[in-house]
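My notes follow in the order I took them.

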Amino acid sequence: MKNKWPYLFVGILFGFVFVKAEIISWFRIQEMFRMESFHMYGVIGSAVVVGMSSLFIIRKFNIKTLDGEPVKVEPKTFQKGQIFGGLLFGFGWALTGACPGLLFAQVGTGATVIIVSLLSAIAGTYFYGKIKDHLPH
């Protein structure tokens, strides 16, 4: 698809939703990890329900991508590394108050200290790309 403007528009809209829902707030994230508030669990749970419903509808009605290609979701096999990766992800999220999905929205609201987390995420992704062929997948 040559026209990327719809993706930019949806990304910006998604950022506004993040801000209005307060899920980019460091305080909301800390409340979640301290189990002091249901807010973030409700947002995450709603996202899971929407994702499951969307996949069901896509499969039932054989909905295609904007390019006309079928939507394929490959089955995943469990690996013990997913536990370690999930724990590492959770610890990083709890310590920084930023998950990768929120980084750009947080920087966009003026939380410039999050640039450290953003650059760290980019460096980690680059490093994984360099060593992934040597990991036991």
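I call a residue buried under 20% relative accessible area, exposed over 50%, and partly exposed in between (1.4 Å probe, protein chains only). The model is predicted: local features need pLDDT of at least 70, side-chain atom pairs count only at pLDDT 80 or more, and totals for chains, interfaces and linings use all residues. Residues are numbered from 1 along each chain as its sequence is written, and side-chain values use heavy atoms, with hydrogens and water left out.

Entry on salt bridges. I looked for a side-chain nitrogen of Lys or Arg within 4 Å of a carboxyl oxygen of Asp or Glu, and the structure holds two such salt bridges. Glutamate 22 pairs with arginine 28 at 2.9 Å, N to O. Glutamate 22 counts as partly exposed because its relative accessibility is 38%; arginine 28, at 22%, is partly exposed too. Arginine 28 also meets glutamate 31, at 3.3 Å, N to O. I noted that glutamate 31 and arginine 28 are three residues apart in helix H2 (residues 26-33), so about one helical turn separates them.

Entry on helix H6. I take helices as DSSP runs (H or I, at least four residues), numbered from the N terminus. H6 covers residues 114-131, 18 residues in all. Which residues of H6 are buried? I found Ile114, Ser117 and Leu118.

Notes
Helices (H or I, at least four residues) and strands (E, at least two) are DSSP runs, numbered from the N terminus. The expected span of a helix is 1.5 Å times one less than its number of residues.
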